[in-house]
Amino acid sequence: MPCASSLPAPCRCPSRPTPPRSPRPQGRCAPGKPPRPATAARSPCTKAADEQSAEPAEPELAILSRAEAPASAFEQPATREAPAILVLGPVTIEGATGRIDSNRRSAGTELTAYLALHPGVDHHAVDDALWPGRLVNKNMRNAVISRTRSWLGKDPEGKPHLPRVQDTGDSRYRLGDEVTCDWSQFQQLARTGLAHHDDDGTRALRNALSLVRGRPFTGIDPQRYTWAEPDVQEMVSAIVDVAYELSTRAREAGDHTGALWAARRGLLAAEESELLHRQVFLAHYAAGDTNGLRAAAARLTRINEQLGGGVDMEAETAELLRTLLPQRPS
C-alpha cells in the first residue's frame, strides 16, 4: 500500500494586473488583486467552510478530529474492515481489531506508520528506523512485528493486515492492500484537484484538506520517529500548496468563507506559513472584514514572536498589510 509519491506543482495561473496582491514564491499561483468587498458567493469550498466562517476576531487554530471533516472526504465506510493509518495530525491507528498491551502500543504504532509510508523494506531498514544506532536482536524485532500483526488483525479472507515476510514473495515488509493511509488519500485527491480547474477539482482539493487534523506527526515521542522528518517536510509542503491553491480559487470565485477555511486548514499543518497568512488577509479584505484582518495580522505577529526567539515578518507580508489596512490617524 504505497503512501509516498510526489505531487504535481501547483498550477501557474495568470496574475491580475493591479496590486495589492499576495506575493507568490516561484512556482505558485499569484492570488491577484484583492476584490472589493462583496457578498460572498458559494463555491464547492463553502460546504466545508460553513462551520468555520469568518469571525470578528481571528480564532486560534487547533488540531481537528476526523469527525469534524465532511464525510465525503473519506473513502472508507462507516464500518471499517481494515485499519487506517492517520499521520496528518497526531499519529493514530484506527480499525485495528486485535489487542495489544498499552506499553507495547507505541512501538506497534510506529512500525505501522513506517510501513505505511515506506512499503517493501527489508529487516535492516526496519531496524534502522525503529532502533537507530542500536544493534537489534532478531528476536526483539520479530516480537514487535508479531505483536503488531496480531493487533492489526485480518482481512475478511483471513489474511493478516501485516503479512508474514515469507508470504510477500520478496521477503520484504509491507501492509496489506486493504489498509489505508490518510497521506496516500491526500495525495490522490491533491493530484486530481490540482489537475482539474472545475467543481470536481475544487471539491477534491477541499476533501484533501479535510483530512488534515494538525501538523503531521503531532505529539510523537521526540526520541522516536527520527525517520519521519523528511516525510513531515514533504507533507507540510504539499498541504501548504493545496491550501494556497484552494484558497485562491475560492477567493477569485467570491467565496470568502471558503477562502478562509482553506487557508486556515493549511495553517493547521504549518502555522508559520506567511504564504497562507497572506491568503487569510486577502480573504478578510475581500469580505470587507477589517476587524478580522487586524486580528489575523495580530495572530501572525504572536506566532513570529514565538519562533526561535522572535522573527521578523516577511517583507511581502508587511507590504501587503500596509496596502490592505486603512491607515490610522497619528
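The turns below set values against definitions.

Mentor: This is a predicted model, in which local features need pLDDT of at least 70 and side-chain atom pairs count only at pLDDT 80 or more, while totals for chains, interfaces and linings use all residues. Residues are numbered from 1 along each chain as its sequence is written, and side-chain values use heavy atoms, with hydrogens and water left out.

Trainee: Why is the pair Arg215 and Glu272 called a salt bridge?

Mentor: The term requires a side-chain nitrogen of Lys or Arg within 4 Å of a carboxyl oxygen of Asp or Glu. The closest N and O atoms of Arg215 and Glu272 are 3.9 Å apart, so the pair meets the cut-off. Helices (H or I, at least four residues) and strands (E, at least two) are DSSP runs, numbered from the N terminus.

Trainee: What makes Arg215 partly exposed?

Mentor: Buried means under 20% relative accessible area, exposed means over 50%, and partly exposed is in between (1.4 Å probe, protein chains only). Arg215 has 31%, so it is partly exposed. Glu272, at 33%, gets that label too.

Trainee: How do you know that Glu245 and Arg249 are buried?

Mentor: Glu245 has a relative accessibility of 1% and Arg249 has 14%. Both values are under 20%, so both residues count as buried. Their side chains form a salt bridge, at 2.8 Å from N to O. Both residues lie in helix H7, four residues apart, about one turn of the helix.

Trainee: What makes Arg322 and Glu319 a salt bridge?

Mentor: Their N to O distance is 2.8 Å, within the limit, so the term applies. The two are three residues apart in helix H11 (residues 315-324), about one helical turn. Glu319 is partly exposed, at 42% relative accessibility. A search of the whole structure finds 10 salt bridges.

Trainee: Why are S1 and S3 called paired strands?

Mentor: Pairing needs at least two bridges found by DSSP between the strands. Two bridges join strand S1 (residues 84-86) to S3, so they pair, and they run parallel. Ile85 stands opposite Cys181 in S3.

Trainee: What makes S2 and S3 edge strands?

Mentor: The open sheet has three strands in the order S2-S1-S3, with mixed pairing. Strand S2 (92-94) and strand S3 (180-181) each have a single partner strand, so one side of each lacks a neighbour in the sheet.
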